[in-house]
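I opened the file and took notes in the order of looking things up. Confidence comes before geometry.

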Amino acid sequence: MKKSDVLKLPSMPLQSPTFPRGPYRFFRRQYLVISYRSDAAAIREALPEPLVPAGDTVAVQWLDLPDGEGFGAYSAAAQIIPCTFKGEPCNFVSQMYVDNTPPLAGGREIWGYPMKYGKAVLKVTGDTLTGTLDYATQRAATGTMVYKHDAFRADLSKERELLARTQVTLKMIPDIDGTPAIAQLVGINFADVKLQGAWTGEARLELIPAVNCPLADLPVRRVTGGLHMVTDMTLPYGRVLHDYLA
Amino acid sequence: MTPEQILKLPSMPAASPSYPMGPYRFVNREYLIITYETDKDLLREAVPEPLEPNPEGHVLYEWIRMPDSSGFGDYTESGVVIPCLFQGQPINFTAQMYLDDEPPISAGREIWGFPKKYAHPKLEVCSDTITGTLHYAGQLVAMGTMAYKHAEAPGGIEATAKGMTKTQCNLKIIPDVDGSPKICQLVAYNLTDITIKGSWVSPARLHLIPHVNAPAADLPIKKIVGGKHFIGDLTLPHGRVLFDYIKDQAP
């Protein structure tokens, strides 16, 4: 392959790039978000400066992604820490688990989504919206929520505001000698969000301590509620909010 | 978490880095390597300039069992390696790699640019046959078989250990957050502290099945050259940049 063509590759490997160029459109992207109060000191420790924690409430969320352009069909689970950056409300994505290489590699390499390989499942079981996460064969999280108890709620403005909020990731890529080549806070805003439905209700969450999937390091003090959403949306490229090497 | 702590992180996520700092030590690493001859035009297309593919048109298809790998754990890998020349010197280019463990996928891609994807390779002895298989997205894409320890490799374990010191390289591509190339380099490394415990050659066969996301069969098999099986301990250190596609091509 010619040198000039090498620079046009979207990703490794040359013969079969893991992910194509973005942006990436998702259809019927379904969320289960369980918010809970945790330990303020543990949150401060988990959040990179200069981000500032916004209270002591965090969230664990499951995503079912049946149709992700360039990525395929897969599932994910994540831990989200609400925070502020220069006063602007943001969501810091502190941990993320997926079962599919293109979003795993693309997530880490483009935006710094902190993805590891884990088996997340989000499905409706009888009367219960159920999220599970297994890591290295062991259960790490189980979340349950009532199914569409407020089906006729008219005002979905809070959910729209949540989906519009800037997501922040800590992108770390080493150089070939092991020193950091990239160390940035990256800001991401979903585009063309179509909210197909949103429901709130009672939820419960169990986090199990696991060293390589440490969701339970932000312990569950009290669950404050569940949120179930179905969306179509576009994941565009991001922007550098803060460069630790600059 | 302070900026000083962040800059000391070996990898993402900060809450639980995927991989620690290198180097990485591998104990009882077992290889099945089947060498074959392929189409030279297709081989040229699969090798990034300024590398030159070997004039014989040889390709190595490999399975590697790694039961004890510091920082990474217990996993199996399979892939395509192309012997090349860089400025006239022999070098092995890793063209494709498939494995079943996330830390070596992320570390491999992010540190050295190993072109790794998640899949299910397997290397095992099935009665009289060393058998390697690779499943990608539920489908079989490669199956290699080799007779079991028919003859010691020429030159014995010393020659195999020496062969393992050969410089290896990858094409490391990391996009910037706006999608433009941030890192685009040929990266080289040399394994160190190599102890080979056994090395054998035997007849072998290889079957590659066309698959769009695991396209080993894009380099078709014209003729099997031979099979090699060996076990050893080794260290994978950090590497060095051989060629930078962004800087070295800048006007």
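Confidence. I looked up chain B, where the average pLDDT is 97 and 99% of the residues score at least 70. The model is predicted, and for the complex the predictor reports an ipTM of 0.87 and a pTM of 0.92.

Contact between the chains. I found 53 residues from chain A and 53 residues from chain B in the contact. On the chain A side, the elements that each supply at least two residues include α1 (3–6), α2 (40–46), β5 (88–98) and α3 (101–111). The most comes from α3(A), with 6 residues. I also noted the classes on the side of chain A that touches chain B: 29 residues are nonpolar, 12 polar and 12 charged.

Helix α3(A). I then asked how many residues of α3(A) are buried. The result is 11 of 11, so I record the helix as mostly covered, a residue being buried if 20 or more other C-beta atoms lie within 10 Å of its own. Among the buried residues are A:R108, A:E109 and A:W111. After the helix comes A:G112, with a positive phi near 80°.

Sheet in chain B. I traced an open sheet of 4 strands in the order β7-β8-β9-β14 (chain B), paired antiparallel. Its edge strands are β7 (120–126) and β14 (204–208) of chain B, each pairing on one side only. From one strand to the next, the twist averages 10°. Between β8 (residues 129–136) and β9 (residues 139–147) of chain B I noted 8 bridges. Opposite B:T133 stands B:M143 in β9(B).

Conventions
Residues are numbered from 1 along each chain as its sequence is written. Chains are lettered from A and ligands numbered from 1 in the order in which they are written. This is a predicted model: local features need pLDDT of at least 70, side-chain atom pairs count only at pLDDT 80 or more; totals for chains, interfaces and linings use all residues. Two residues are in contact if their C-beta atoms, placed from the backbone, lie within 7 Å. Ala, Val, Leu, Ile, Met, Phe, Trp, Tyr, Cys and Pro count as nonpolar, Asp, Glu, Lys and Arg as charged, and the others, Gly among them, as polar. pLDDT is the predictor's confidence in each residue, from 0 to 100. A residue is buried if 20 or more other C-beta atoms lie within 10 Å of its own, exposed if 12 or fewer, and partly exposed in between; C-beta atoms are placed from the backbone. Two strands pair if DSSP finds at least two bridges between them. Axes are lines fitted to C-alpha atoms, for helices over the stretch in contact, and angles run from 0 to 180 degrees between N-to-C directions.
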